[in-house]
Amino acid sequence: MFTRVGALGALVAGSGFLIAELGRPERFLNMLRVFKTTSPMSMGSWILATHGGLTSLAAGSAVTGLFPGAGRAAAIASGVTGPMMATYTAVLVSDTAVPAWHEARRELPFMFAGSALAGAGALGMLASLADPAKAGPARRMAVVGAAMETVAGTVMEHRLGRLADPYRQDAMSRAARLLIASGGALTVLAAVASTKVGRRARVPAAVLTTAAVAALTAGSVCTRFGVLRAGRASAEDPSYTIVSQRERVNARGRRTEEVETPPGH
């Protein structure tokens with residue numbers, strides 16, 4: 001029940017941030033008037049509405065005890081829409097002219113997926129805090145998510161070169177990297193501590209788990225705000241737009257020369 005209610009709470013908070021970013025709540029409702037597969041905004045709105053309905057049904061059934069079969073089915077179905085929910089924002093921002101978002105389109109979905117896995121693992125660990133023996137799957141999810149986000153972010157910064165400066169220089173992005181890496185390491189330490197037998201070993205495991213949950217949750221939040229702030233910073237600096245445009249023009253020019261130049265010349 002705890003994880004279902006927690007998932008619903010996260011969804012409500014995320015929906016609030018989305019509506020606030022749109023400026024007017026009716027804009028979200030207007031997106032549901034059409035179903036356009038070529039529009040990331042349209043698909044994202046429908047994913048949010050579908051996942052929200054499934055999560056609400058699963059949480060409501062868990063809290064009230066009513067319609068348990070429908071609640072379990074909704075929870076299983078939300079496992080299908082969950083990955084879409086976690087990554088559609090990355091697709092949405094990448095489908096723009098904002099340099100730091102558009103050029104990072106290859107790695108952002110993996111960063112967001114890893115961040116979501118780490119946050120979900122943190123929620124699962126928190127739910128299993130009273131019984132650490134049951135936290136194994138949640139710990140594995142958290143570690144995999146932290147590793148995925150860290151690797152994707154490192155690859156992105158290496159590939160983008162100077163265009164990655166808004167990510168490197170942003171305080172939220174730096175905090176996200178530190179928190180996610182720390183949370184993953186604390187999760188591993190908590191797993192090791194929980195295997196020790198004896199009452200004295202339980203306190204360190206609980207403390208480590210609590211610290212890991214806090215770090216992973218805060219890191220996941222900082223990742224989202226860090227990407228948002230980095231994109232805005234790159235859009236406000238004309239040099240990022242000009243440099244990326246010149247690089248694309250030069251790349252097209254080199255490809256054209258390779259095609260037009262006969263072999264052996």
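Which side chains meet in a salt bridge at 2.8 Å, N to O, with Asp165 as one partner? The side chains of Asp165 and Arg168 form this pair. A salt bridge is defined as a side-chain nitrogen of Lys or Arg within 4 Å of a carboxyl oxygen of Asp or Glu.

## Basis of the report

The structure is a predicted model, in which local features need pLDDT of at least 70 and side-chain atom pairs count only at pLDDT 80 or more, while totals for chains, interfaces and linings use all residues. Residues are numbered from 1 along each chain as its sequence is written, and side-chain values use heavy atoms, with hydrogens and water left out.

## Overall architecture

The protein has 11 helices and 0 strands. Helices (H or I, at least four residues) and strands (E, at least two) are DSSP runs, numbered from the N terminus. Along the sequence, the pattern reads α-α-α-α-α-α-α-α-α-α-α.

Of the 265 residues, 37% count as buried. Buried means under 20% relative accessible area, exposed means over 50%, and partly exposed lies in between (1.4 Å probe, protein chains only). The accessible surface of the protein comes to about 14,900 Å², and 66% of this area belongs to carbon and sulfur atoms. Such areas come from the Shrake-Rupley method with a 1.4 Å probe; for residues, only the protein chains shown count as cover. Among contacts in the protein with a separation of 6 or more, 70% are between residues 24 or more positions apart. A contact means heavy atoms within 4.5 Å.

## Salt bridges

Side chains of opposite charge can pair when their charged atoms come close. A search of the whole structure finds 5 salt bridges. In the pair named at the opening, Asp165 and Arg168 are 3 residues apart in helix α8 (residues 165-169), so about one helical turn separates them. Arg168 is partly exposed, with a relative accessible area of 31%.

A further salt bridge joins the side chains of Glu157 and Arg177 (2.7 Å, N to O). This pair links distant parts of the chain: Glu157 belongs to helix α7 (residues 136-160) and Arg177 to helix α9 (residues 171-194), 20 residues apart. Glu157 is buried, at a relative accessible area of 14%, whereas Arg177 is partly exposed, at 37%.

Asp170 and Arg229 also meet through their side chains in a salt bridge (2.8 Å, N to O). Because Asp170 lies in the loop between α8 and α9 and Arg229 lies in helix α10 (residues 199-236), the pair ties together parts that are 59 residues apart in sequence. Asp170 is buried, with a relative accessible area of 9%, and Arg229 is partly exposed, with 38%. Salt bridges that share partners join Glu157, Asp165, Arg168 and Arg177 into one network.

## An aromatic pair

A pair of aromatic rings is described by the distance of the centres and the angle of the planes. Rings of Phe, Tyr and Trp (its six-membered ring) pair if their centres lie within 6.5 Å; planes under 30 degrees apart count as stacked, over 60 as edge-to-face and the rest as tilted. The whole structure holds 1 aromatic pair. The ring centres of Phe35 and Trp46 are 5.9 Å apart and the planes stand at 70°, so the pair is edge-to-face.

Phe35 lies in the loop between α2 (25-31) and α3 (40-64), and Trp46 lies in helix α3, so the pair ties together parts that are 11 residues apart in sequence. Phe35 counts as exposed at 53% relative accessibility, while Trp46 is partly exposed, with a relative accessible area of 29%.

## Two buried residues

Ser115 is located in helix α6 (residues 108-127) and counts as buried at 0% relative accessibility. Its side chain is joined to that of Arg224 by a polar contact of 2.4 Å. A polar contact is a pair of N or O atoms within 3.5 Å; within protein, one must be able to donate a hydrogen and the other to accept it, and residues adjacent in sequence count only if both atoms are side-chain atoms. Not counting residues up to four places away in sequence, Ser115 touches Gly145, Glu149, Ser220, Thr223 and Arg224.

Leu163 lies in the loop between α7 and α8 and is buried, with a relative accessible area of 10%. Leaving aside neighbours within four places in sequence, Leu163 is in contact with Pro99, Ala100, Glu103 and Tyr240. The C-alpha atoms of Leu163 and Ser234 are separated by 7.9 Å, although these residues are 71 residues apart along the chain.
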